[in-house]
Amino acid sequence: MIDGKYVVLAADDEVELLDSLELFLRRENIEMKKAVDGIEAMALFEKHQPDMVLLDVMMPGLDGFQVLEKIREKSKIPAIMMTARSEDYDKILGLSLGADDYIVKPYNPLEVVARVKAALRRCYDYVEQSATVKQSNIKVFDLELDLESMIIRKNGVEITLTKTEYKILELLMKAPGRIYTKQQIFDYAREDDFIADDSTIMVHISNLRNKLEDNPKNAKYIKTVKGLGYRFEKEA
């Protein structure tokens with residue numbers, strides 16, 4: 001554990017999948033360490049001593065099975081295998097090497113999070129505690145986000161946001177200075193009727209700026225990072 005948070009090591013050469021999954025785990029107050037190949041996974045395992053691992057089967061350097069074998073020589077922490085292949089042989093091999101669960105890609109991040117929490121409950125005294133429990137509000141500049149009542153105030157005056165606008169602002173304000181891609185913003189804020197395309201994200205960001213900024217054309221809070229995405233400005 002790190003600062004009271006359970007630590008999950010996830011290894012996958014598809015970086016975007018890891019980044020999206022990290023957002024969902026953070027909402028559950030679970031720390032995630034990311035590796036893009038089997039060799040890096042073992043290095044992070046030795047360095048951080050995680051509470052469980054998520055291992056993609058097909059990785060360069062060392063594949064997921066090889067990493068699991070090495071981990072099982074030292075630890076009995078829960079392990080979930082992830083693969084785009086659904087052959088029974090792969091599942092049997094993974095389970096015989098000591099995997100606790102198996103997920104076939106493409107997966108729903110919410111399903112992965114549910115299985116991670118289930119594994120933590122089985123093996124530890126895990127009690128669900130979202131990141132918002134420890135932090136009741138976020139204040140950056142003259143904006144204050146009340147996480148319990150889901151209200152944003154500017155200089156003490158409440159501003160009305162849609163549910164999607166609130167979720168986007170919550171994501172950005174929780175990590176000032178961090179750049180989020182449009183896909184990451186979508187993954188965090190999506191609703192059943194929320195379409196994932198560039199124009200939709202841009203419209204929501206524009207609406208937020210119109211509601212929050214003194215001068216929306218010269219944004220103070222939500223900055224566009226050309227070619228990458230958006231970030232919430234950090235206070236000096």
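## Helix 1 against helix 5

Helix axes here are lines fitted to C-alpha atoms over the stretch in contact, and angles run from 0 to 180 degrees between N-to-C directions. The model is predicted. In it, the axes of helix 1 (residues 15-27) and helix 5 (residues 109-123) come within 10 Å and cross at roughly 50°. Helix 1 is therefore oblique to helix 5. The crossing is right-handed.

Helix 1 contributes Leu21, Phe24 and Leu25 to the contact. Helix 5 contributes Pro109, Leu110, Val112, Val113 and Val116. By class, the contact residues are eight nonpolar, no polar and no charged.

Four strands form an open sheet in the order 6-7-8-9, with antiparallel pairing. Strand 6 and strand 9 (157-159) stand at the edges with a single partner strand each, so one side of each lacks a neighbour in the sheet. From one strand to the next, the twist averages 25°.

Helix 7 (residues 163-174) packs on this sheet. It touches strand 6, strand 7 and strand 8 (151-154). The direction of helix 7 makes about 115° with that of strand 7.

Strand 6 runs antiparallel to strand 7 (residues 143-146), joined by four bridges. Lys139 has Glu144 as its bridge partner. Val140 stands opposite Leu143. Two residues lie between the strands of this hairpin, where Phe141 takes a positive phi near 55°.

Note on methods:
Residues are numbered from 1 along each chain as its sequence is written. This is a predicted model: local features need pLDDT of at least 70, side-chain atom pairs count only at pLDDT 80 or more; totals for chains, interfaces and linings use all residues. Side-chain values use heavy atoms; hydrogens and water are left out. Two strands pair if DSSP finds at least two bridges between them. Angles under 35 degrees count as roughly parallel, over 145 as roughly antiparallel, 65 to 115 as roughly perpendicular and the rest as oblique. A crossing is left-handed if the near helix is turned anticlockwise from the far one by less than a right angle, and right-handed if clockwise. Contact means heavy atoms within 4.5 Å. Ala, Val, Leu, Ile, Met, Phe, Trp, Tyr, Cys and Pro count as nonpolar, Asp, Glu, Lys and Arg as charged, and the others, Gly among them, as polar.
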